[in-house]
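I opened my notebook to look up a protein chain. These entries follow the order in which I checked things.

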Amino acid sequence: GRIGMERYAIIAGENERTIYCSRSVIPASATEGESRIQFRQVIENKRVHEFKFVMDAQGSKIEIQGIRVGGQLRVERRVDGLYLDNSSTTEAIGLIDTGSATAPLVVAHHHSEGPLKALYFDDLEPAVANWELEVKESGILAMMTGEGPMVALFQQGGALDKMERTRGDTV
């Protein structure tokens, strides 16, 4: 697999909201071009309040954004600026999973052990996955995601130290 680079920030927002932002660059390979991803999700009361995902890859720009309105998380998708569709869910979504390092950060800062609902994108189609969270005695956060296990270790101040994720037979 390709190895990319990601930078992230956590920002305290208004009204008890926390904003998780990231920028990723995944270099080109022999079969795929470079991908650049910008991602932001806003968590309020342990649920996703809004998010925006923008990916520039293969000469196209894909935008997926959502906002919680009236008990629903409404999701809009666009490709190269053209409207594709809207969908929604009434599930209590605890995080958006784009493969970003922000996922274990959201889990560590907002959720406790047990079940959690995550919205992810299966070939850019929104889907809800059931996650299971456990904190080991060693302090490792173990998550069983919809695609396989993920573990994360945090520094003393709460910053992400290490993360490993398995998807199918890929680590």
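**Entry 1: the fold**

Helices here are DSSP runs of H or I with at least four residues, strands are runs of E with at least two, and both are numbered from the N terminus. I noted that this is a predicted model, where local features need pLDDT of at least 70, side-chain atom pairs count only at pLDDT 80 or more, and totals for chains, interfaces and linings use all residues. Residues are numbered from 1 along each chain as its sequence is written, and side-chain values use heavy atoms, without hydrogens and water.

Next I read the order of the elements. Along the sequence I found β-β-β-β-β-β-β-β-α-β-β-β-β-β.

**Entry 2: size and packing**

I looked up the span of the C-alpha trace. Along its principal axes it covers about 45 × 45 × 30 Å.

Then I checked the radius of gyration, which is taken over C-alpha atoms. The protein chain has 16 Å, and this agrees with a compact globule of 171 residues, which would have a value near 16 Å. The globule rule is 2.2 Å times the number of residues to the power 0.38.

How much of the chain is buried? I found that buried residues make up 37% of the 171 residues. Buried means under 20% relative accessible area, exposed means over 50%, and partly exposed lies in between (1.4 Å probe, protein chains only).

I also looked at contacts, meaning heavy atoms within 4.5 Å. Of the contacts with a separation of 6 or more, 33% join residues 24 or more positions apart.

The chain exposes about 9800 Å², and carbon and sulfur atoms supply 48% of that area. The areas come from the Shrake-Rupley method with a 1.4 Å probe.

**Entry 3: charges**

The rule asks for a side-chain nitrogen of Lys or Arg within 4 Å of a carboxyl oxygen of Asp or Glu.

I wrote down some of these pairs:

- Glu 44 and Arg 17 meet at 3.3 Å, N to O. The pair links distant parts of the chain, 27 residues apart: Glu 44 is in strand 3 (residues 35-44), and Arg 17 is in the loop between strand 1 (5-12) and strand 2 (18-26). Arg 17 is partly exposed, at 23% relative accessibility.
- Arg 36 pairs with Glu 34, with the closest N and O atoms 3.0 Å apart. Arg 36 is partly exposed at 44%, and Glu 34 is partly exposed at 37%.
- Lys 136 pairs with Glu 134 at 3.3 Å, N to O. Lys 136 is partly exposed at 37%, and Glu 134 is partly exposed at 39%.

I also found a network of salt bridges that links Arg 77, Asp 85 and Glu 125.

**Entry 4: a loop with positive phi**

Most residues other than glycine have a negative phi. I looked for exceptions. Asn 45 has a phi near 55°. Asn 45 sits in the loop between strand 3 and strand 4 (47-57). Is Asn 45 buried or exposed? Asn 45 is exposed, because its relative accessible area is 64%.

Lys 46 has a positive phi too, near 65°. Lys 46 lies in the loop between strand 3 and strand 4. I noted Lys 46 as partly exposed, at 47%.
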